[in-house]
Amino acid sequence: MSNTPISAMQAPDAVDPVDDGMNWSLRPLLTQVWQSIVRWRWLIAGIVAAVLTIALIGTLLKAPVYTAKAQIEISREQKNITSVEGLESAGQGRDLEFYETQYALLKAQSLAERIAKKLDLKNSEAFFAAYGQKLYEPPEGAKSESKAVNEERQRRAVQLLLDNVEISPIRLSRLVDIKLQSRSPALSAKITNVWVQEFIGLSMDRQFASTADARKFLEERLGVLKARLEQSEREVVTFASSRDIVTLDTVRDADGRTFTQRTLASADLEALNQALSVAKADRVTAQSRAGGSADNSTEALNNPALTQLRAKRAEVAAQYAKLLVRFEPAYPEAVTLKQEMAALDAAIGRETSRIGGSRQQAFQEAMARERDLTTKVNGLKAELDRQRQDSIQFNIYQREADTNRQLYDALLQRYKEIGVAGTVGVSNISIVDFADVPQKPSSPNLPLNMVIAFLIGLAIACASVFALEQIDEGIRTPDDVRNHLGLPLLGNSPKVDDHNPIDDLGDAKSALYEAMFSLRSVLAFSTSHGFPKSLVVTSTQASEGKSTTALALAFVVARTGKSVVLVDADLRSPSQHANLAIDNRAGLANALAGEGQAVNYVQHIPVGNFSALTTGPAVPNPAELFSTERLREIVLSLGEVFDHVIVDAPPVLGLADAPLIGTSAEGMVFVIEAERTSRRAARTAIQRLQAVGNRVLGVVVTKIDLKRHNYGYGYGYGYGYSYGYGEKAEV
């Protein structure tokens, strides 16, 4: 077994024998919750019982309420009797917002006002009585039928309807339940049925109203567009007339846009351009013919006169040749033939010249015609270019007219469709089930109310316990000692009855004895030489169990075979002489005053090597006695006689005794009562002790209620007493 002092240990957990190796910082949360529940069980039970009682009384006193239910179906699209589309788009019903809108409209104030007006609820005493109210009466002096009184009654009736109606959509369906409750079953069913009927009527009225508004709007827009269309078409005609634009052929596409394919200028240019092409071809032909020989030309070959002349000359030439065979050229007949041949040649030459002249004349005429047509075509080109420039503005006017025409036609068509669809009067809402008169009340539901009350009471109790746990600064768990005080937990002791602790210490199997034996074992490791030679036991305030701890610790150490003297240093409120049933006429006060040695006042207790030094007579100022070196000398002298000296010191807060006493001992044990001493006060007391050089070995938590802290400190007292753990401790 190691003798390492407790101050040198790295982890305080290692010195806690009842910790059983468990890290308290990792304790399950449910364990802490269970401890809180056990600790505040009576508060929790009281709060839950109070809430249940209130709920029971309230349920028994509440008047029975009857709930009537009707069911309707809201289709996504209206039933189309005609093929004409109405004002509402078909895709709107597919949106999620559609049904949310319908649910909101089912509980709209306008619908409630419509129902109240139809049933005249503002003047119905039965209606107000069904909700535990009376018919509103005007103040004295006011007329019962005044406008203000009727408005107030109407407002109250509408508010009652809205407060007691419930809209319950059935998930993943088009069905909606409308529920209304009141104290009258017949009235609940009547109002529920009227509610669904008026909702359908209001929906249709809203459709008619929207259709009428749309028709009125379209009528106004049609008038404006008609005037705008007439003006734009007039501008098209006026501009075309002023620019001599004559259209011969116009076409409109599927979108209603107008396209001009031919104008008069373009048609004329097309015709003249074709004539010019022909003239150019004729001129080329004439020019070719005019440049060739006329003798062998087609005209010459096909000319009858020229053909006859050439035939005649050939005949004369033949006769002349025949004569020259027989006669000389001067022969008269030959001369005659020769002259005739010359005349024929002259005639042929003249005819050939005439043919060549006609070719040249045809070429000149073709040239003149080509020039004339070229001049006219160029003029038409200029005219057409000018018209094309003007066509830009013309097309602007034309597009504006087309746009106005399209808008006018579309609005006119829509105006006619809405007029047809608005008169059909078909609703997309249908009634599935009418409300029947309920046969039994829907509330109050006693079992349900009690369950809800239990849950509410439990929630209030949990909140109260949580708040109390947060504001409670008492030491409740070992972790509080380590985390808030910065000291190791030496041990703890159970809460005992208000009797002499000697009675419990006499039984080695008692919880108090086991606790003190565990404390003694831990303190055996607090110094290098084992259990401290001298030890002071103190606490923050009185009645925390320090005197019992000091007495029990001394008793247990004495039973281990060591000689122990218990010094009662609480001169202000001594208690050890009463616990041990010994005389207190002389004791520590006498020794401090110098009236002999302290050992002379020690009284032996018939329990092993156990002795005690009581306080002796009361003194006026104990602090003055403890401020001298006399106490240190007394402790040292007792240490020479006894193995261990255990001093029961007064509380720290409010007194100067404990810090002075602690300087005379080897160490101090600080006692804290569980759940009573605040952490702030304990820290202050420990700081006072340490400020004057006292060595505080650790903390002992006392007065632990085992029934409430079964899992809070160690493994729980009483676990091994039936197995003789106490007997083993004595050995």
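Let's start with Ser-611 and its neighbours. In this predicted model, leaving aside residues up to four places away in sequence, Ser-611 touches Val-564, Val-565, Leu-566, Val-602, Gln-603, His-604, Ile-605 and Phe-642. Is Ser-611 buried or exposed? Its relative accessible area is 5%, and the cut-off for buried is under 20%, so Ser-611 counts as buried.

Where does Ser-611 sit? You'll find it in strand S11, which covers residues 610-613. Strand S11 runs parallel to strand S9, residues 564-568, and four bridges join the two. Within that pairing, Ser-611 is the bridge partner of Val-565.

Now let's step back to the sheet. It is an open sheet of eight strands with mixed pairing, and the order is S7-S14-S13-S8-S12-S9-S11-S10. At the edges are strand S7 (489-494) and strand S10 (603-605), each of which pairs on one side only. From one strand to the next, the twist averages 25 degrees.

Two helices come next. Helix H16, residues 546-559, lies across several strands, S9 and S11 among them, and runs at about 165 degrees to S12. Helix H15, residues 511-523, lies across S7, S8, S13 and S14, at about 170 degrees to S7.

Nonpolar side chains in soluble globular proteins tend to be buried together. Here, the largest nonpolar core has 43 residues, and Leu-588, Leu-638 and Phe-670 have the most contacts inside it. There is also a second, separate core of 39 residues, including Tyr-99 and Ile-429. As for Phe-670, the residues it touches include Thr-538, Val-652, Leu-689 and Val-700.

Key: Residues are numbered from 1 along each chain as its sequence is written. This is a predicted model: local features need pLDDT of at least 70, side-chain atom pairs count only at pLDDT 80 or more; totals for chains, interfaces and linings use all residues. Side-chain values use heavy atoms; hydrogens and water are left out. Buried means under 20% relative accessible area, exposed over 50%, partly exposed in between (1.4 Å probe, protein chains only). Contact means heavy atoms within 4.5 Å. A nonpolar core is a set of buried Ala, Val, Leu, Ile, Met, Phe, Trp, Tyr and Cys residues joined through side-chain atoms within 4.5 Å. Two strands pair if DSSP finds at least two bridges between them. Axes are lines fitted to C-alpha atoms, for helices over the stretch in contact, and angles run from 0 to 180 degrees between N-to-C directions.
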